[in-house]
Amino acid sequence: MDSKFKSYSRAALAISVASAAMLTGCSAGSPTPAATDDGQPIEVWARAGTDAATTYAAMFKEFTAKTGVEVNFQGVPDLDQQLQTRAASKNLPDIVINDSAALGNYTAQGYLVEVDKSTVEGNDKIADSLWDEAKGLDGATYGVPFSRQTMVTMIRKDWREKLGLPVPETQEDLEKLATAFATQDPDGNGQADTYGMTVPGSTERGYLGWWASSYLWQNGGAYLEDEGDGKFAATASSTEAQEGVTWIKKQFCTPGNTQPGALTAATSVASPFFQTGKTGIILTGPYNFSSFDTAPGKDTYEVIEAPKGSVDNTVLAEGENIYVTASNGKPDQTKQVIDYLVSADGQKAGMTAGKQPIVRVPVNGDVDAAAVYNDPRWAVVQDALQNSSKAFPSAINFVPIKQVAAEALNKIVSDCGADNVASGLQDLDTAINDELTSQNAKS
């Protein structure tokens with residue numbers, strides 16, 4: 001997006017929303033005309049496939065029935081690409097619901113205006129830590145938390161019990177279980193056709209960097225550290241990170257511990273190995289419960305918090321925020337939409353109203369996921385989220401950092417004969433620091 005639109009976007013909504021006391025943006029004295037209400041229903045976009053879109057549609061139908069406010073909702077799988085197209089015409093949708101990690105990129109592009117959280121009804125029901133994840137590099141709030149989730153470990157319980165092995169409590173236990181699944185014929189068909197872990201090891205969309213982050217954190221490592229004041233420093237070459245990557249590399253280099261083709265597998269390619277009974281372990285999010293309950297079957301697998309590394313069992317937390325765009329000229333309707341989405345009624349509707357939950361773990365502290373779903377597995381997710389999870393930094397554009405991490409890790413683990421962990425991670429530090437410098441976020 002060009003700088004002209006950035007200037008326009010940051011000022012345009014500021015005037016209109018200032019009068020509603022909902023959002024704050026640039027100075028109300030800006031000469032740029034404010035965005036105005038076009039008289040059409042408020043337009044809301046979300047990254048959503050067909051099943052998720054049915055839930056959004058049912059949720060907004062309930063909202064309209066309660067408030068009389070019409071919503072034009074669109075589920076847009078290629079959301080970021082379509083936003084760029086709309087930004088070029090200076091006509092973004094009014095509200096966007098998307099990953100919390102998108103915040104840094106969206107603010108850099110000038111898509112968003114600030115949110116005054118004090119005007120969000122029920123803002124005190126949302127944890128301060130979640131509000132902190134919605135802040136930009138300037139310390140201002142640019143999103144409203146909507147849904148959260150965290151990674152959990154899913155294991156073929158029937159395989160584990162058949163082999164007489166315990167629930168893994170450490171990474172070493174997990175490794176032994178993976179090897180056993182690969183070598184001891186857990187499905188009993190007499191063929192060597194089962195494997196340990198399902199791993200999305202592809203560099204596509206940074207998948208390997210995404211998957212590996214939990215195992216780095218569990219050993220005390222990290223790709224980068226927040227130095228405060230909107231500045232970060234690369235730490236991928238630390239001793240702790242090397243320990244985590246060494247363990248990861250060992251899984252790729254132990255025959256059978258990861259599925260065939262793991263190094264080129266995106267999640268869409270990797271997950272079917274678990275579904276079809278070829279692998280027995282997967283680190284993934286609770287969004288897979290519904291599909292895995294069908295195959296391999298709800299009674300065949302168990303959900304546990306991640307086994308501990310040398311430090312703890314921290315896992316990646318993710319989620320979605322509600323973003324108000326610079327084209328939004330509907331402050332009153334916007335406030336009503338946001339207040340509903342984070343209310344207990346809105347959160348429950350997002351969990352149960354359609355074919356697929358769009359609120360996984362609710363951000364509203366009055367709503368209990370395990371109780372709403374009537375499923376104790378969600379208590380595992382909720383407990384991990386509250387007590388042993390960590391999110392990628394959202395104030396910066398983390399997408400390119402995740403990408404360079406995936407590329408560096410893929411190179412390291414693909415050469416089993418090389419002593420390349422330390423040197424490969426030093427190269428990753430350089431790449432991360434270069435990216436931080438380009439974002440003016442390097443300490």
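In β12, Met154 has Val303 as its bridge partner. The model is a predicted one. Met154 belongs to a set of β7 residues, Val152, Met154 and Arg156, that point one way from the strand, while Thr153 and Ile155 point the other way. Ile155 stands opposite Glu302 in β12. Strand β7 covers residues 152–156 and is joined to β12 by four bridges, the two strands running antiparallel.

β7 also pairs with β11, again in the antiparallel sense and over four bridges. Here the bridge partner of Thr153 is Leu283 in β11. Five of the five residues of β7 are buried, so the strand is mostly covered under the criterion of less than 20% relative accessible area.

## The four-stranded sheet

These strands belong to an open sheet of four strands, in the order β8-β11-β7-β12 and with mixed pairing. Its edges are formed by β8 (195–198) and β12 (301–304), each of which pairs on one side only. On average, neighbouring strands of the sheet are turned by 15° against each other, direction ignored.

Helix α11, residues 289–297, packs on the sheet and touches β7, β11 (279–284) and β12. The direction of α11 makes about 145° with that of β12. A further helix, α15 (residues 377–387), lies across β7 and β12 and runs at about 25° to β12.

## The largest pocket

The largest pocket has a volume of about 1,600 Å³. Its lining comprises 48 residues, and those nearest the centre are Arg47, Asp99, Arg205, Tyr207 and Tyr287. By class, the lining residues of this pocket divide into 22 nonpolar, 16 polar and 10 charged.

Several elements each supply at least two residues of this lining: the helices α2 (50–67), α8 (207–218), α10 (267–275) and α16 (399–413), and the strands β4 (95–99), β11 and β13 (315–324). β13 gives the most to the lining of the largest pocket, with five residues. Strand β11, a contributor to this lining, is also the strand between β8 and β7 in the sheet order.

## The second largest pocket

The second largest pocket has a volume of about 870 Å³. It is lined by 45 residues, of which Ser129, Leu130, Asp132, Glu133 and Ala391 lie nearest its centre. Two or more lining residues come from each of α5 (128–132), β9 (224–228), β13, β14 (361–362), α15 and β15 (389–391). The lining of this pocket divides into 20 nonpolar, 13 polar and 12 charged residues.

Ala405 counts as buried because its relative accessibility is 0%.

Which residues does Ala405 contact, leaving aside its neighbours within four places in sequence? They are Gly209, Tyr223 and Leu428. Between Ala405 and Ser147 there are 26 Å in space, C-alpha to C-alpha, and the two are 258 residues apart in sequence.

Terms used. Residues numbered from 1 in each chain as written. Predicted model: local features only at pLDDT ≥ 70, side-chain atom pairs only at ≥ 80, totals over all residues. Heavy atoms only, no water. Pairing = 2+ DSSP bridges. Axes fitted to C-alpha atoms, helices over the stretch in contact; angles between N-to-C directions. Contact = heavy atoms within 4.5 Å. Buried < 20%, exposed > 50% of the residue type's maximum accessible area, 1.4 Å probe, protein only. 1 Å grid on protein atoms, 1.4 Å probe; cavity = no way out; pocket = protein on both sides within 12 Å on 5 of 7 lines; lining within 4 Å. Points joined across faces, edges and corners; volume = space filled by probe spheres on them. Nonpolar A, V, L, I, M, F, W, Y, C, P; charged D, E, K, R; others polar.
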